[in-house]
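Please look over the sequence and the model shown below, and keep them at hand while reading. The paragraphs that follow go from charged side chains to a strand and its neighbours.

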Amino acid sequence: MTLVLDHTLPQVAEGAGSSAAPAKPTLAGMSRARLSEALAVAGVSEKQLRMRTTQLWRWLYITGATSFDEMTDVSKALRTELEARYTLDRPEIVTEQVSVDGTRKWLLRLPRRGHEARAPEIETVYIPEADRGTLCISSQVGCTLTCSFCHTGTQRLVRNLEASEIVGQILLARDRIGDWPGAKRPDDGGLLPDTERKITNVVLMGMGEPLYNFDNVREAMEVASDGEGLSLSKRRITLSTSGVVPEIARWGELSGTMLAISLHAVRDDLRDELVPINKKYPIKELLEACRTYPGVSNAKRITFEYVMLKGVNDSPADAKELVRLLAGIPAKINLIPFNPWPGSRYECSDWETIERFADIVNKAGYASPVRTPRGRDILAACGQLKSESVRLRARERAQPTVDATEPGA
Ligand code: SAH
Ligand code: SF4
């Protein structure tokens with residue numbers, strides 16, 4: 001499954017960011033290598049480094065410790081030393097919203113860097129379903145690309161997220177929904193068994209172009225998929241890209257995750273307009289990179305995302321061309337109802353048009369490709385939560401304009 005978020009407001013909310021960067025770095029979200037370095041700085045001897053790293057790693061990623069006091073097998077002296085130098089902080093929650101359907105959305109504030117005027121903010125969304133729970137995470141604050149239907153595309157890139165800030169979104173979500181082993185079930189207060197994990201899937205479909213933050217996203221996904229820690233299967237991690245062709249094969253080789261492509265158009269002239277990176281890497285090259293994506297097979301299909309824009313890309317001819325283009329590529333198709341934002345020049349296709357389009361795609365063998373909205377009551381798409389927070393600060397009315405959506409398949 002994949003999930004889409006869109007971003008309808010500036011990535012830096014008004015009034016945010018009076019706080020300076022924290023004096024102490026957090027260990028939460030660090031890779032093994034970085035943890036070892038941090039422990040060495042705290043005075044752990046070379047001889048003990050491996051053992052101490054493993055201890056810390058388990059507390060962080062198996063138990064979900066949020067305080068050094070919990071780390072009972074770590075000596076008091078070392079705990080005090082660690083406490084003096086580091087924190088176990090997750091990204092700071094600005095707002096959290098919970099839908100009646102269980103969808104949750106967080107607006108998170110990251111530490112401000114020296115040169116940043118304000119603390120950057122990102123969004124993360126959790127969508128529970130009967131057979132899985134998907135967490136949609138951000139990889140950048142803003143985006144360098146300028147897709148014409150995406151509000152993030154109208155914002156400048158504020159910065160790349162660090163690996164620990166990407167992992168931090170998973171830790172925070174697990175904290176908030178009680179998804180650590182031994183955590184209490186919210187409904188009956190019983191203990192949550194290991195086998196009942198709530199976050200089973202992670203999608204890199206929040207803010208930003210993950211392949212333009214390649215190294216940090218890769219490091220983060222290594223932490224997330226480590227079998228002795230967070231243990232998310234790489235087959236349940238999906239990276240969505242607008243089509244950074246030269247990085248696609250490298251990502252597949254180095255990461256082994258699933259891939260989603262923001263296709264959105266079947267002709268180069270239109271895709272040049274909707275997803276301008278197409279001018280650099282046109283559809284033919286993009287699809288070639290998909291055909292040869294490492295590990296691609298019928299069991300490991302590539303998801304093609306297609307946003308439904310009224311009168312722009314939604315004709316039956318477009319649907320037929322989509323099916324023709326994808327022939328021979330092990331593919332899933334997700335039709336995404338367009339989420340409008342103030343000032344956007346597009347409208348969402350009519351429901352009948354979407355159904356007609358879906359019908360053609362269905363008949364070609366792709367099951368239930370339309371994403372259905374979730375979390376409407378909390379307006380659970382990234383941009384919406386943010387618009388609320390800006391509205392409150394700016395004391396002005398914002399128009400609710402977006403929905404969180406999920407695929408039908
Ligand atoms: N930058 C990456 C991942 C983040 S965007 C990418 O472009 O793939 C995640 C998905 O949301 C993409 O498919 C993107 O095209 C889609 N999207 C962005 N704005 C949208 C909007 N207003 N309505 C519907 N989908 C949108
Ligand atoms: Fe939006 Fe993704 Fe395009 Fe960036 S690459 S502008 S996040 S759709």
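Glu 347 and Lys 310 form a salt bridge, with their closest N and O atoms 3.6 Å apart; the term stands for a side-chain nitrogen of Lys or Arg within 4 Å of a carboxyl oxygen of Asp or Glu. Because Glu 347 lies in the loop between β11 (331–337) and α10 (351–363), while Lys 310 lies in the loop between β10 (302–308) and α9, the pair ties together parts that are 37 residues apart in sequence. Helices (H or I, at least four residues) and strands (E, at least two) are DSSP runs, numbered from the N terminus. Lys 310 counts as partly exposed, at 36% relative accessibility, where buried means under 20% relative accessible area, exposed over 50%, and partly exposed in between (1.4 Å probe, protein chains only).

This is a predicted model, in which local features need pLDDT of at least 70 and side-chain atom pairs count only at pLDDT 80 or more, whereas totals for chains, interfaces and linings use all residues. Residues are numbered from 1 along each chain as its sequence is written, chains are lettered from A and ligands numbered from 1 in the order in which they are written, and side-chain values use heavy atoms, with hydrogens and water left out.

How many salt bridges does a search of the whole structure find? The search finds 24, and one of them joins Asp 318 to Arg 267 at 4.0 Å, N to O. This pair links distant parts of the chain, since Asp 318 sits in helix α9 (residues 316–326) and Arg 267 in the loop between β9 (258–262) and α7 (268–274), 51 residues apart. Asp 318 is buried, with a relative accessible area of 8%, whereas Arg 267 is partly exposed, at 40%.

On to the neighbours of β9. Strand β8 (residues 237–241) pairs with β9 in the parallel sense over four bridges, pairing being counted if DSSP finds at least two bridges between two strands. Thr 238 has Met 258 in β9 as its bridge partner. Strands β9 and β10 also run parallel, joined by three bridges, and Ser 262 stands opposite Glu 305 in β10.
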